[in-house]
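Please read them beside the structure.

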Amino acid sequence: MATAADPVEIRQWLADLVAETLRPETLDLVVHRLDAAIIARVPELVDRDMRRDLEASTRAHALAVLSNLTRDGHDYPVPEQAHAFARTIARRGHDLRLLLRVYHLGQEAVHEYMTEVLDHRRLPPEVERTALMWLFDRSIRWISTSVEALTDTYMEERERGLRAALNQRAEIVRALLAGEEVDPDYASARLGYRLGQRHLACVLWLDDSATGAGSGDSEALGLLDRTAARLAASLGGSVLTIPSGARAVWAWIGLESDAEPDRLSVRAPVRIAVGTIDAQIAGFRESHREAVAARQVAERAVGDPGRVVRYPEVEVAYLAGADEAAMRALIARELGPLAGPDGNSARLRETLHAYLRCHRSPDAAAKKLGVHKNTVRYRIQRSEQLLGHPIEQRSLRLEIALDCVAVYGVTAS
């Protein structure tokens, strides 16, 4: 039967170990060994400043742990140098996983060092076993306390940095949109987005009834940011996003070509309004104005305008809709009997609208509507009868009125 270790003997041995390890030359060797073991497996720490902060943290931890090693209490205060190291990792933009990996590897290195120390001392088996359990227990408590406290420090610094960067980006964007004098090179560097290129501005937002994007602002904005990044990647461009509300963002996609993308698609609950492609700072501003206008049309629209609303397709409705009374008078005057709420009037309006948009081609309009071209011809004739004049006589005003009805409906909301 194994003999129990003498507690007094264990404490004396630990006290001797602490005294010896705290000698400056020994402590230097221990700190260097632990840091080398960590850096060998975490290449992000090779940087001189990162190594310096790691060394200060390791030394402070060693002093704190050794000072409490022979005490019965389980409090292991986390030194300020360790908090400083956690903040450095956050400021450098590294993931929290890097901080956790540093402490995981540090614990491994400490266990390896303690095992070697015990092997060299050649202690009686019962003393060695008890001492090893004591040291392992203290190291686990130290790691647990440190990781919990430093995770909070990392997250606080990360949030502070993100807020500061976001505030600076938002201020630069505000100045650009306000037409203030801004140095384009400086602004591009601070935004991480080149202002001298072509821009496709977008406004992305979530359906009012959306609940699947998460319950918090960060989840909603994260979904919108990812959607903007996916669209930019599909177009081969860069992207800049700025939150414009709890569930909406402004985005700019930087493009090399001025060709309008054939197709943009987003999935529910995301919606997007898009301006036209334009260049330089003036284009950055103008494309955004158009995207904001397209969103206004989408949110006033009767029925579902679709998940993607392009400004060129709703420009007339936007301009005409600025004065509700004047727009309703235009609709009544130009459409007359075709402005009725019944299904037959709606079919005639839809056909006439397609016909005018397809450059008066019955074949193209029929293809767009999914009907026979003779059906299109019949409905056009019927429309002219109800209007009391040929379509060509007032085709421009007719198309404007039909554009407005297609978006806003035939009656005031």
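1. For the counts below, Ala, Val, Leu, Ile, Met, Phe, Trp, Tyr, Cys and Pro are taken as nonpolar, Asp, Glu, Lys and Arg as charged, and the others, Gly among them, as polar. On that scheme, the lining of the largest cavity consists of 21 nonpolar, 7 polar and 1 charged residues.

2. This is a predicted model, in which local features need pLDDT of at least 70 and side-chain atom pairs count only at pLDDT 80 or more, while totals for chains, interfaces and linings use all residues. Residues are numbered from 1 along each chain as its sequence is written, and side-chain values use heavy atoms, with hydrogens and water left out.

3. The count comes to 1 cavity of 30 Å³ or more, where a cavity is a set of points, on a 1 Å grid over the protein atoms alone, at which a 1.4 Å probe fits but cannot get out. The largest cavity holds about 480 Å³ of space, a volume being the space filled by probe spheres set on the points. Its lining has 29 residues, and the closest to its centre are Leu 34, Ala 62, Val 65, Val 110 and Trp 142; lining residues have an atom within 4 Å of a point.

4. Helices are DSSP runs (H or I, at least four residues), numbered from the N terminus. At least two lining residues come from each of α1 (7-21), α2 (24-39), α3 (48-68), α5 (96-121) and α6 (125-177), and α5 gives the most, with 9 residues.

5. Elsewhere, the axes of α13 (residues 362-369) and α14 (residues 373-387) come within 8 Å and cross at roughly 105 degrees, so α13 is roughly perpendicular to α14 (65 to 115 degrees). Axes are lines fitted to C-alpha atoms over the stretch in contact, with angles running from 0 to 180 degrees between N-to-C directions. Pro 362, Asp 363, Ala 365 and Ala 366 of α13 meet Lys 373, Val 376 and Arg 377 of α14, contact meaning heavy atoms within 4.5 Å. The residues of this contact divide into 4 nonpolar, no polar and 3 charged.

How values were computed. On a 1 Å grid over the protein atoms alone, a cavity is a set of points where a 1.4 Å probe fits but cannot get out, and a pocket is an open set with protein on both sides within 12 Å along at least five of seven lines; lining residues have an atom within 4 Å of a point. Angles under 35 degrees count as roughly parallel, over 145 as roughly antiparallel, 65 to 115 as roughly perpendicular and the rest as oblique.
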